[in-house]
Every structure is written in structure tokens, then in C-alpha cells.
Amino acid sequence: MCLKAIAKGESVIKQGDVGDFFYIVKSGDFDIIVKKGGDPAKKVFEAGVGFAFGELALLYNAPRSATITASAPSEVWALDRTAFRNLVVLSAETQFRARVDFLNGVDVFQVLDERERASLAEVLEEEEFEDDEAIVEQDEKDDKMFILQTGKAVACIRGEQGEVEVMQYSAGDYFGEIALLSGEPRKASVYAVGHATCLYITRPTFLRVLGPLKSLLERNISRYEKYQDALAHVEHAEHAEHPDDEHESPAHSPRRDSPHQDHHDNEEEFTSGGALRKTKVVNRKRQRKVAEDISVLDNHKKVDHELPSETPPETLADKVAQDFKNPTLVSPAKEFEVRGLMQAFGGMLANQKFTQDKAMHVRSEAASLTKKGEEETYEWQGQTKLKQATEISVICQKGQKSASDPTPNQDNFFVHHVGSATVYGVADGHGPFGHLVSFRIVQTLPHFIAKSEHAGKDWELTLKDAFLKSQSDLVAFCEAQGINIEASGAAASVVLLEEQTVHIAHIGDSRVMLGSWNRRDSRLIFCTKDHKPEMPAERARLEAAGSEVREIDPGNFRIYLSGSNFPGLTMSRAFGDRACGGVLQEPEYHKELMQPNDQFYCILASDGIWEFMEGEEVCTMTAKKLRLKGPRETLHHLVSASRKRWGYCCGDYCDDITAILVQWNASSENKDSRRNHTMTLTRPAAAG
């Protein structure tokens with residue numbers, strides 16, 4: 001490795017050239033410039049100290065994909081092709097040898113020959129877990145078998161008295177094979193005891209590499225029958241010893257495993273794989289996680305959500321019922337259909353109940369469809385610069401605002417794949433007719449993006465133009481249909497991926513979080529900030545337009561017509577909301593460059609997710625979960641965590657919740673290689 005000085009304006013690498021060095025920036029700054037076809041070259045990223053580049057051309061013998069030019073006098077460390085490849089090979093070989101040696105000592109793999117164990121060592125992935133962190137969770141679904149490489153773990157099953165500890169694991173033990181083989185939900189949770197490291201293997205790789213072990217592992221299914229017997233035994237003993245506890249909430253039950261309490265009367269021994277385990281009721285940190293999560297909410301003021309008090313509920317209910325009889329309001333508009341590989345958005349469904357899923361409209365020219373109950377999975381092949389597949393999961397569910405609230409789910413979403421661009425969007429409606437606003441917006445926004453004269457040339461201008469045109473259409477449409485949107489509107493966020501650049505545009509409080517799910521680089525990359533009236537620039541614009549910004553509670557600002565108590569808007573940018581001057585529909589724009597093999601992901605969500613969680617916390621909560629469980633289970637986990645916080649802070653009140661999780665460069669070994677995009681959503685049985 002040698003140190004090279006780079007003058008300002010000098011290009012270290014040029015797009016299209018053959019690669020010869022790998023570089024790490026020691027000092028200075030660089031512009032990354034990409035030229036597409038006959039279009040002018042444009043800067044897509046700025047790199048500083050610590051940024052590494054040039055490895056793809058060396059690894060794959062591919063031409064340079066960009067030009068990187070110093071924007072200031074700089075220095076880089078340079079490693080030539082031979083040395084770089086030697087380091088990569090040496091590192092991989094060292095890890096491979098260590099893994100084979102470990103597998104040679106695992107009893108269950110002794111039936112495999114040396115070649116089969118070597119094949120297994122090549123495909124195993126590694127993950128670390130902290131003390132009491134859940135490795136697998138009871139009732140969840142995924143497709144992985146785990147092998148404990150270092151540390152210890154315990155298996156527990158939930159019961160009425162808490163969790164019963166039924167098994168202990170040490171290095172070389174394995175678990176998770178039952179759910180992997182049967183495809184059924186996990187029958188037990190497994191927690192790390194101290195710091196632990198696990199190797200894991202997915203179902204397709206398991207069937208390909210560990211085929212000879214299938215019949216052996218299937219014998220372990222009977223072990224869970226013993227677990228259930230243990231659970232019943234302990235619960236019976238608990239009830240006999242504490243008959244008055246039957247009315248006590250499990251969350252407040254006293255610990256039964258105090259070091260001063262004798263358990264011999266409640267113990268029973270079970271055997272699995274030669275390890276003896278005494279069953280007992282335990283309180284684990286994972287069991288107490290809800291309380292731990294809630295403790296961070298003490299710094300948040302409980303939210304007092306205002307319902308429209310000016311209009312009697314029955315009058316609004318009549319109006320909503322009348323709107324559902326008007327096909328123009330609640331049916332997709334044909335003029336906004338966008339022909340492409342995928343077009344999906346939420347529909348309208350009357351008389352929805354709490355947590356009920358949104359109706360769905362899906363159109364596709366090339367996607368295959370697989371149904372499992374109410375879940376639908378679409379797969380299609382689309383243009384991409386990424387090395388692996390894109391996996392998408394969508395959840396859009398009704399909240400619970402009051403027993404008499406007649407409005408349907410006011411959230412909505414869209415997913416479009418047209419040409420080389422994939423576009424994702426979330427719209428969060430508010431006010432009496434917010435559901436109509438969001439339904440219109442999820443149709444017009446992608447339409448105006450696709451039809452823009454700037455599409456593919458200037459995405460920032462494309463997105464801004466689409467937002468403004470969507471507002472103009474909304475105003476004209478509502479005037480024609482007699483819909484009052486003075487105090488009804490919607491926040492919205494959009495993520496657009498073309499080639500290697502992620503473009504983000506948003507108004508209001510529907511945030512976008514961009515993160516990395518890479519095991520060695522899990523981090524928050526970017527998160528949008530809500531457009532609030534107390535922000536200096538936003539407040540100045542609103543007041544210059546004649547609106548009043550008032551602080552009604554400490555830290556709680558709202559927008560009003562001058563001299564009135566109407567409408568009390570909480571965001572300074574939104575679709576609709578025509579009563580107050582200065583409320584903008586022009587989005588805030590941001591972009592990030594993603595390398596072809598970067599393991600990035602994004603979450604677009606309505607305020608139902610973000611009300612009590614910040615981007616950093618959501619990233620911490622989801623990155624590892626995404627690696628191990630995939631986007632569907634991760635999204636369900638996030639929605640469940642959000643609902644628990646709503647319940648703690650607001651009792652029976654819970655906002656509508658919509659979230660899209662997009663995982664880029666997801667493992668595609670179990671996917672059809674001819675289809676590089678997968679989307680999973682739930683379509684209610686009553687929806688067409």
C-alpha cells in the first residue's frame with residue numbers, strides 16, 4: 001500500500017476505465033460523477049476522509065462505474081489489484097478454515113463427509129447477540145436454523161405465569177430447525193445468555209447442503225411435546241401454590257425464581273440431545289421489554305388528540321356513508337393509471353375496525369402472484385444496478401380514534417415500478433375527509449412523476465413538480481365533488497430509486513428513514529424531519545401569509561386563522577388544508593448514492609409509527625431483525641412496538657399505521673433468478 005497525493009481537480013479514477021487500484025481517502029474531499037448515455041455528467045455524491053472506493057472493478061473485472069475527482073488537495077492510500085485480491089482471499093480462507101474446524105466438532109454434522117461440511121462452511125452467515133437478546137421468538141415465522149458458535153443460550157415457552165425455561169444451549173448446539181423444516185411459527189423463544197455468536201443457514205441452503213440431515217432433525221419435533229408438558233406442569237404447580245394469583249396480571253406477578261425460594265417441588269427434568277434441563281418460570285429481559293420500551297416515553301407528553309367537535313358525529317357519519325356511494329370518490333381513477341411492471345396502492349373500505357388491513361388495488365404487466373391466506377406476494381423482474389434482489393413489505397391498518405369515529409383508515413400508500421425507476425409513497429390523511437385526500441394523492445403523485453418531462457433527467461425537479469400538480473388536481477377535484485378541504489389534508493413522503501441513487505421528497509410528518517442493515521455497518525444514514533410550524537423558516541412563511549402560530553402546550557405549536565381557533569393544524573406543509581395561508585405543498589428533497597452491493601434499506605411510514613419513536617431508535621430496532629427475519633417479520637415487529645406505545649400513552653386511542661419497508665440487496669438464493677423484486681402485502685378478504 002502506498003500514499004498518493006491528489007491535486008484539486010485531478011481524477012483518481014475515470015468512468016469506463018479498467019480498474020487497477022483500491023483507494024481509501026486519508027484527507028481531502030472528492031466528487032463522484034456519473035454519466036448516463038447521452039445525458040451530461042452529474043455529481044451524485046461527495047466523499048470525505050475514510051471513504052473507500054474502487055473495489056468493485058477489482059473484484060468483478062468490471063469497468064469503473066463513476067469518475068472520482070478531488071474537490072480539494074487530497075491524499076489517498078492505494079492498494080494494487082494483486083495485493084487487494086490476496087488480502088481478500090487470505091481473509092476468506094482464514095474464516096473458512098476456522099468455520100470448518102468448528103463444524104468438525106458439532107455432533108450433528110458428523111454424518112456429513114468432509115466435502116459436505118466444507119460446503120456448509122461456505123454458506124453459513126454469522127450474527128452476534130447481547131445478553132438476553134432474543135435470537136428467535138415464539139410464534140414468529142422465518143426460515144433459519146441457528147448453530148451456537150460461542151456463548152450460551154436458553155429456550156423458553158410462554159405460559160399464563162410467564163415464560164418457562166425448557167432448554168439450555170452451549171457452543172456447538174443448534175436450534176430453529178423445527179420451524180425451518182415445517183414452515184410453522186416458532187414454538188419457543190431462544191435468548192442469549194451473556195454475549196453469544198451464532199451461525200445460521202436459510203431453508204433453501206439447508207435443503208441443498210444438509211439434505212442428509214433432514215430425517216435426523218425431524219426427530220426433534222417430539223421434543224416440543226415434552227416442552228408443552230413441562231409448561232402445563234409448572235402452571236399447574238403455580239396455581240396450586242398461589243390460588244389467589246389467577247386474577248393477577250402476569251406483568252405484575254412476583255418473581256417465582258427468587259434465589260431464596262425453593263423450587264424442588266416444581267421441577268421436572270427433560271432431556272434433549274443429551275442435555276438435562278430443569279423447567280422453571282423465569283422473568284427474562286425480553287419478557288420485560290415492553291416496560292423497558294415504555295420507560296423511554298416518560299419524556300414524552302401524553303398526546304391529547306382532538307376530534308372534530310364542531311360537527312356532530314352522526315352528521316359526519318352520514319357524509320362518509322354518502323361519499324362511499326359515490327364511485328368517483330372511492331374508486332380508482334382511470335386517468336391516473338400508470339402502465340408498468342407494478343402499480344399498487346390502497347383502496348377504500350367502509351366500516352373498518354381497529355387493525356383491519358387496507359383494501360388493495362394491484363395492477364401489473366409482468367408480476368407473478370402467490371397467495372397464502374390473506375397475504376399476497378408479487379414477484380417481477382425489473383431494471384436495476386443492484387447486485388441482488390429487492391424485497392418490499394407493506395402494512396396499512398386502521399387505527400382507533402374513538403368509538404364513534406366514522407372515518408375509515410385515512411392512511412394510504414403506493415408502490416410503482418415503471419421503466420428504470422421504482423417509486424414508493426405513503427400519504428397520511430387528517431381531518432374529516434383526510435381519507436379522500438390520501439386516496440387521491442396516492443393515484444396522482446406517481447402519475448405525475450411518471451409523466452413529468454423531467455423524469456430521468458432531473459428527479460428533484462420531477463418530484464417537486466409532481467407534488468405541486470397533485471395539489472392543483474386535488475383542489476379542482478374537491479371543488480367539483482363538493483368536498484371541503486379547508487381543514488382536511490395529508491402528509492406525504494416519496495422514495496424513488498433509479499440505478500444507484502435514492503431520491504427522497506416529503507411534506508408534513510410522514511417520515512422516511514434510510515439505514516444500512518449490513519452486519520458490520522448497521523447504522524442510520526438519513527431520516528427526514530417533520531415540517532412543524534415552530535421551525536423558524538416555516539413560522540416566518542406562515543405568519544407572512546397571515547396565519548397565526550400558537551404554542552397551546554409546552555412544545556406543541558399549531559396553525560390558526562388569524563383571530564380564530566380554527567383549524568389548529570400541526571404541520572406547516574401538507575396537501576389540502578386550504579384554510580391557512582403559507583401551508584406549502586413543495587417537498588423537501590434529499591438524495592443518497594448507493595453502491596451496487598450496499599445493503600441499504602428504507603422505511604416510509606405515517607405518523608402512526610413515528611409519534612413515539614425517532615429514526616435512530618427505529619434503525620436500531622430493525623437492522624438486525626431485517627438481517628435475520630426478513631422484511632415481513634421486521635415490519636410486523638415495528639408495527640406491534642408502535643401500537644404498544646400508543647396504548648401506553650393514549651389508552652384506547654391509536655392512530656392509523658402505514659409502513660413500507662424496502663430491503664435492497666437482499667439474499668436472493670431462494671428466489672427465482674429471473675425475478676429480482678418481491679412485494680408482500682395483505683389483502684382483506686372483503687376487498688376486491
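What is the volume of the second largest cavity? The second largest cavity has a volume of about 70 Å³. This is a predicted model, in which local features need pLDDT of at least 70, side-chain atom pairs count only at pLDDT 80 or more, and totals for chains, interfaces and linings use all residues. Residues are numbered from 1 along each chain as its sequence is written, and side-chain values use heavy atoms, without hydrogens and water.

**Cavities**

- Five cavities of 30 Å³ or more are counted; a cavity is a set of points, on a 1 Å grid over the protein atoms alone, where a 1.4 Å probe fits but cannot get out.
- Grid points are joined across faces, edges and corners, and a volume is the space filled by probe spheres set on the points.
- The residues that line the second largest cavity include Q383, K385, E498, W664 and H677; lining residues have an atom within 4 Å of a point.
- The lining of this second largest cavity comprises three nonpolar, six polar and three charged residues. Here Ala, Val, Leu, Ile, Met, Phe, Trp, Tyr, Cys and Pro count as nonpolar, Asp, Glu, Lys and Arg as charged, and the others, Gly among them, as polar.

**An open sheet**

- Four strands form an open sheet in the order β1-β8-β3-β6, with antiparallel pairing. Strands are DSSP runs (E, at least two residues), numbered from the N terminus, and two of them pair if DSSP finds at least two bridges between them.
- At the edges lie β1 (2-6) and β6 (52-53), each of which pairs on one side only.
- Six bridges join β3 (residues 21-27) to β8 (residues 74-80) in the antiparallel sense, and S27 stands opposite E75 in β8.

**Aromatic rings**

- The whole structure holds 12 aromatic pairs. Rings of Phe, Tyr and Trp (its six-membered ring) pair if their centres lie within 6.5 Å; planes under 30 degrees apart count as stacked, over 60 as edge-to-face and the rest as tilted.
- F146 and Y200 form a tilted pair, 5.8 Å centre to centre with 45 degrees between the planes. F146 lies in strand β11 (residues 144-159) and Y200 in strand β14 (residues 189-202), so the pair ties together parts that are 54 residues apart in sequence.
- F146 is buried at a relative accessible area of 0%, and Y200 is buried at 7%; buried means under 20% relative accessible area, with a 1.4 Å probe and protein chains only.
- Ring pairs also link F21, Y23, F30, F51 and F53 into a cluster.

**Charges over rings**

- K4 lies over the face of F21, 4.1 Å from the ring centre. The rule requires NZ of Lys or CZ of Arg within 6 Å of the ring centre and within 35 degrees of the ring normal.
- The charged end of R440 sits over the ring of F477, 3.8 Å from its centre.

Note on methods
Buried < 20%, exposed > 50% of the residue type's maximum accessible area, 1.4 Å probe, protein only. 1 Å grid on protein atoms, 1.4 Å probe; cavity = no way out; pocket = protein on both sides within 12 Å on 5 of 7 lines; lining within 4 Å.
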